[in-house]
Amino acid sequence: MAAPRVPCNIGDAVSDIDTPALLVDLDKLEENLKTMPRSLEKYGNVKIRPHAKSHKCPTLARLQVAQGAVGVCVQKVTEAEAMVHGGIQDILVTNEIVSRSKLARLVSLARHATVSIVVDSQQNVRDLSDAARTMDVDIGVLVDVNVGMPRCGVLPGPEVAQLANLITSLPNLTFKGLHCYQGMNQHIRKAEDRAEATAKAVENATTALKVLEEAGIQCDYVTGGGTGTYLHEASSGVFTEVQPGSYVFMDVDYGKNLGEDGQPVHQFQQSLYVMATVQSVPSEGNRAVVDAGMKAVSVDSGVPLIHPNGDIVYHNGGDEHGVLVPPGDYKIGDQVWLVPGHCDPTVNLYDWLVGVREGRVEAMWPIAGRGPGV
């Protein structure tokens with residue numbers, strides 16, 4: 001299999017990058033990396049474990065660790081492998097991994113790094129113990145608690161203690177704590193509504209902790225939260241760790257969130273772009289067409305914005321095309337910078353993250369954890 005083709009080389013002018021390409025503004029990225037730990041300074045005991053599903057890039061994960069992150073979260077075994085092979089020493093898989101083949105791959109990583117995972121079923125716990133015992137490694141295990149998002153996780157009741165007791169009783173497993181993530185809260189638009197919704201998630205996490213306490217099970221680790229709510233979890237006195245991911249890049253969807261002042265949130269800067277090229281300006285004069293369609297930018301959370309031409313609207317033109325209406329002053333061959341609607345799945349479409357600064361390519365980072373997540 002041929003190696004992924006690179007869209008450019010370090011030192012190239014931005015204008016020479018083959019498109020569509022995934023770009024990151026390094027100045028803005030570096031500021032976002034610094035802003036996150038500064039924002040948590042007054043919550044000194046709360047750790048940062050960024051979610052690497054946003055970038056799937058070990059190089060960027062190492063930059064996060066350099067800024068104080070204790071490790072990273074991942075969703076898939078593919079992402080975990082990419083992070084460990086890329087030098088990250090502490091991995092939390094915030095997703096249920098159930099097939100025996102994937103469990104074998106996952107626990108093998110514990111020979112090289114600290115590996116933890118979430119569970120919500122007794123069978124998964126037993127299978128995980130069998131895999132870890134076969135490989136002669138130890139795995140940290142968290143009970144995945146449904147704190148309000150109807151996806152994975154057990155309700156904050158007796159099943160929390162039942163799972164914790166089972167984890168404790170089986171070989172090669174260590175009960176580590178609770179995973180209490182509420183993803184739907186991240187994109188609630190009004191600040192007061194986000195705060196109210198997160199308070200309910202915190203209440204459910206508190207209930208789960210009380211269940212463990214009543215069962216005589218000590219729990220000193222509660223992790224969760226995302227870019228939209230992490231300050232609420234951090235200030236709750238319940239969460240000991242937060243998992244923001246998108247803050248490094250941001251996207252159109254997060255840009256719709258409002259702060260306490262009623263204005264769009266501006267704590268983190270937009271650093272991620274898809275660069276496209278105008279390939280057609282039909283004679284009717286009512287549109288320009290770029291070479292970035294659904295193969296180049298995710299539209300699950302809405303279409304991208306045109307930067308900096310907010311009066312021009314991107315329309316989905318199919319797999320390979322985006323249609324800009326009106327065409328503005330764009331001419332064939334012009335480059336267009338698109339702000340992705342949703343950063344995570346857009347990143348997943350690319351092999352390379354191109355770091356740019358002052359009109360030049362400064363870095364080329366492989367997105368080693370991309371793909372469907374096998």
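This is a predicted model: local features need pLDDT of at least 70, side-chain atom pairs count only at pLDDT 80 or more; totals for chains, interfaces and linings use all residues.
Student: Which residues of helix H2 are buried?

Tutor: General idea: an α-helix has 3.6 residues a turn, so residues three or four places apart point the same way. Buried means under 20% relative accessible area, exposed over 50%, partly exposed in between (1.4 Å probe, protein chains only). Helices (H or I, at least four residues) and strands (E, at least two) are DSSP runs, numbered from the N terminus. Here, H2 spans residues 58-66. Its buried residues are Pro58, Thr59, Leu60, Ala61 and Gln64.

Student: What covers the buried residues of H2?

Tutor: The cover includes two helices, H1 (26-39) and H3 (77-85). It also includes strands S3 (72-74) and S17 (360-366).

Student: Which residue just after H2 takes a positive phi?

Tutor: Gly68, with a phi of about 110°.

Student: How many salt bridges does a search of the whole structure find?

Tutor: General idea: side chains of opposite charge can pair when their charged atoms come close. The criterion is a side-chain nitrogen of Lys or Arg within 4 Å of a carboxyl oxygen of Asp or Glu. The search finds 16.

Student: Where does Arg5 pair, and how exposed is Arg5?

Tutor: Arg5 meets Asp18 in a salt bridge, at 2.9 Å from N to O. Both lie in the segment before strand S1 (21-25), 13 residues apart. Arg5 is exposed, at 62% relative accessible area. Asp18 is partly exposed, at 35%.

Student: What is the partner of Arg38?

Tutor: Glu31, with the closest N and O atoms 2.8 Å apart. Arg38 is partly exposed at 43% relative accessibility. Glu31 is partly exposed too, at 29%.

Student: Which residue does Asp253 pair with, and is Asp253 buried or exposed?

Tutor: Asp253 pairs with Arg189, the closest N and O atoms being 2.3 Å apart. This pair links distant parts of the chain, 64 residues apart. Asp253 sits in helix H9 (residues 252-255). Arg189 sits in the loop between strand S7 (173-179) and helix H7 (191-214). Asp253 is buried, at 10% relative accessible area, while Arg189 is partly exposed, at 28%.

Student: Which residues are joined into one network by shared partners?

Tutor: Asp27, Glu30, Arg357 and Glu362.

Note on methods
Residues are numbered from 1 along each chain as its sequence is written. Side-chain values use heavy atoms; hydrogens and water are left out. Contact means heavy atoms within 4.5 Å.
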